[in-house]
Amino acid sequence: MSDVTYVPTQEDFKLKNNSEELGLDSNYASQNFWKEVLIRFFHKKSAVVGLILILLIILFAAIGPGMNDYTYEGMIQEEKNLAPRVSWLEGLGIFDGSETVSTSVGDVQVNKYEEGGLTDVYYWFGSDIYGRDLWTRCWEGTRVSLIIAIAAALIDMIIGMSYGLISGFFGGKVDMVMQRILEICNGIPRLVIVTLLLLILKPGMLTIIFALLLTEWVGMSRIARAEMLKLKEQEFVLASRTLGAGSFFIIFKEVLPNIVGPVITQVMFSIPTAIFTEAFLSFVGLGIPVPRCSLGSLISDGYNSFTTHPYQIIPPIIIMALLMLSFNLLGDGLREAFDPKMKEM
Amino acid sequence: MKKYILKRVLTSIGTLLAIILILFILMRLMPGSPFNDEKLTDDQRVALYEKYGLDDPIVIQFGRYVVNMCKGDLGVSYKISKNTPISQLIESRLPISIGIGFYAVFRGAIIGLILGVIAALKRDTILDTICTIISVIGVSVPSYVFALGLSYTMGYKWKWFPMLYDSADAFNSSIMPSIALSMFTMASIARFTRTEMIEVLGSEYMLLAESKGLSGRKLLFSHALRNALIPIITVLAPLIVDLMTGSLVVEKIFAIPGVGSLLVNAIQSNDYNVVIALSFIYSALYIAIMLVVDILYGIIDPRIRLGKEGE
């Protein structure tokens, strides 16, 4: 023991004003959470493929309808049911506007462009039974489907997340009541809610988004509640409370940033569900009213003539399948990237 | 356990009542009741209201509605087939739909299990990749796309199976629809089984069982698969919901005279009574299935019911 005693001076009690440094842990090199997530995400090839596909489809949904002179509602009587024709693929013998038509004398190769004298007309995806350009309609439909799905998923996220977080945080009676309400909501089949709602409201984009809202928030709120139950016992919540933070501050400022991962993942999974539900509604006749279109209504239109002109149904089906596939792949990738410990599903 | 079952049954009844209430309100909101469609004098209308009890207090009317619904008296169809009781319309259709749905779940579950087990046992090999690709596609491609694909290839091009449902050849004509419907079930169960199996195979009790010298087959079936199966029951309930939605469109594509196509027809021809009656039936079926699944799960896994009781 040294005999030197330290005499505190006035300087020692001065406020250091080091609030910026306080957040930093100088003992360990800081590992940026988002950087790690990105590294893990890009390590998974399927997720990257999904992301690229989604970006491509969004790009085409944005610029596709403007790439030729046709509009999604413009009908040209003389140019009905034309098979796909692309100028720079014509020479190869594919997409040259010919299609096989079954007649009473067997299958015949027909080229309606040549028959109708439409030598310099090109429909990249063909035209439908009203003479509308399928390329424009497909991407217009993709745009509508994407807007519906993303809007529904985002609003769901807000509602479901708040519901789950509040229910989980307060616990006790509040949780009891909120969970019973949720169980009842969950007990009604999605199909029934959506159908009934669309019967009383006018079909349209907003109605479909609203119908999707009523059904999809349950899953999100479950996840938010489970995460909240896990986190609310942890020290940082206690610390925040000790410092006098209010309940809503803790819920939205302390806990919420910590559950961003699972929430984003869930959004990615609810987008394909929304796309599918929209397509299903269109198929049943409760979708977007004509002349507007969505992927679902395009498939439903194509279905009516899919044995005679299969090319009309193929593009929307492929776009939809690719979209759903890529959102699923992206969701899988994100889930693993955010939580590598969690078991993969 | 009794307490848990009682609680689940009560919640189910509550849900069913909530649905009937919604349907009841909707009934009143729907435009065009049969009483203002036709040319009636005021006296006649009053007489009709009295006859059908429409002048009773709303609570009594609701009570009567609940009793009627539960007795199977679902009202009368106005448009699809004039003045036929809906229960009569449904009677012949329900077995067909349930039959196809059952085939789909059964086939999907079996194939999914096999795929999942193969993928887990041959982890990180080409077989695993193939199983994963199959299941990802199955999850992300909607059932009616499969239905259209099957109908075009196997039905229209190759003529293996009838393209449209033929009640004289019910077996062959239900093959394509049930394959289309089973894809999603198959894919989800395959993914889930794979995850569970990998976890179980890596557990310590498997190591113990193996070091006891158990043979491979016994190890797989009585130790690994049995434990992996438990959580799979939980995914069955949401799957059945997807099946219901899928069945509507698939039934329409194959022109199956089932409940789904009836609902689609009713929606398209604005036959509200039929839509509401079918919504009730779908909800009741769904609630019943959820109840059974939850109780089963509670029996198999005590943690669930204990956890819920502790709430």
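Of the 311 residues that make up chain B in this predicted model, 36% count as buried. The secondary structure of this chain amounts to 14 helices and 2 strands. Taken along the principal axes, the C-alpha atoms of chain B fill a box of roughly 90 × 60 × 30 Å. Among the contacts in chain B with a separation of 6 or more, 74% link residues 24 or more positions apart.

The average pLDDT of chain A is 79, and 85% of the residues score at least 70. Among the elements of chain A, helix H3 (residues 45-63) has the highest mean pLDDT, 88, while strand E1 (residues 98-103) has the lowest, 68. Where pLDDT is low, the predicted coordinates should not be read in detail.

The two chains meet in a contact that takes 34 residues from chain A and 39 residues from chain B. On the side of chain A that touches chain B, at least two residues each are supplied by helix H6 (172-187), helix H7 (190-200), helix H11 (260-284) and helix H13 (314-338). H7(A) provides the largest share of that side, with 7 residues. By class, the chain A side of the contact holds 25 nonpolar, 5 polar and 4 charged residues.

Within the chains, two helix pairs illustrate the packing. Two packed helices are described by the angle between their axes and the distance between the axes. In chain A, helix H12 (residues 295-304) packs with H13(A) at an angle of about 145°, and the axes are 8 Å apart. The crossing of this pair, H12(A) and H13(A), is left-handed. H12(A) brings Leu295(A), Leu298(A), Ile299(A) and Gly302(A) to the contact, and H13(A) brings Pro316(A), Ile317(A), Ile319(A) and Met320(A). Of the residues in the contact of H12(A) with H13(A), 7 are nonpolar and 1 is polar, with no charged residue.

In chain B, the pair considered is helix H5 (residues 86-121) and helix H9 (residues 175-201), whose axes come within 6 Å and cross at roughly 35°. The crossing of H5(B) with H9(B) is right-handed. The contact of H5(B) with H9(B) has 21 nonpolar, 8 polar and 2 charged residues.

Helix H5 of chain B also contains Gly99(B). Gly99(B) counts as partly exposed because 15 other C-beta atoms lie within 10 Å. From Gly99(B) to Asp294(B), the C-alpha to C-alpha distance is 23 Å, and the two residues are 195 residues apart in sequence.

Two loop residues of chain B deserve a look for their backbone angles. Asp124(B) is found in the loop between H5 and helix H6 (126-140) of chain B, and its phi is near 60°, a positive value in a residue other than glycine. Asp124(B) has 8 C-beta neighbours inside 10 Å and therefore counts as exposed. Ala255(B), in turn, has its place in the loop between helix H11 (216-253) and helix H12 (259-268) of chain B. Phi of Ala255(B) is near 50°, again a positive value in a residue other than glycine. With 15 C-beta neighbours inside 10 Å, Ala255(B) counts as partly exposed.

Back in chain A, Pro65(A) lies in the loop between H3 and E1. Pro65(A) is buried, because 21 other C-beta atoms lie within 10 Å and the cut-off for a buried residue is 20 or more. Not counting residues up to four places away in sequence, Pro65(A) touches Tyr72(A), Thr136(A), Trp139(A) and Glu140(A). Pro65(A) and Phe306(A) are 241 residues apart in sequence, and their C-alpha atoms are 23 Å apart in space.

Key
Residues are numbered from 1 along each chain as its sequence is written. Chains are lettered from A and ligands numbered from 1 in the order in which they are written. This is a predicted model: local features need pLDDT of at least 70, side-chain atom pairs count only at pLDDT 80 or more; totals for chains, interfaces and linings use all residues. Two residues are in contact if their C-beta atoms, placed from the backbone, lie within 7 Å. Helices (H or I, at least four residues) and strands (E, at least two) are DSSP runs, numbered from the N terminus. Ala, Val, Leu, Ile, Met, Phe, Trp, Tyr, Cys and Pro count as nonpolar, Asp, Glu, Lys and Arg as charged, and the others, Gly among them, as polar. Axes are lines fitted to C-alpha atoms, for helices over the stretch in contact, and angles run from 0 to 180 degrees between N-to-C directions. A crossing is left-handed if the near helix is turned anticlockwise from the far one by less than a right angle, and right-handed if clockwise. pLDDT is the predictor's confidence in each residue, from 0 to 100. A residue is buried if 20 or more other C-beta atoms lie within 10 Å of its own, exposed if 12 or fewer, and partly exposed in between; C-beta atoms are placed from the backbone.
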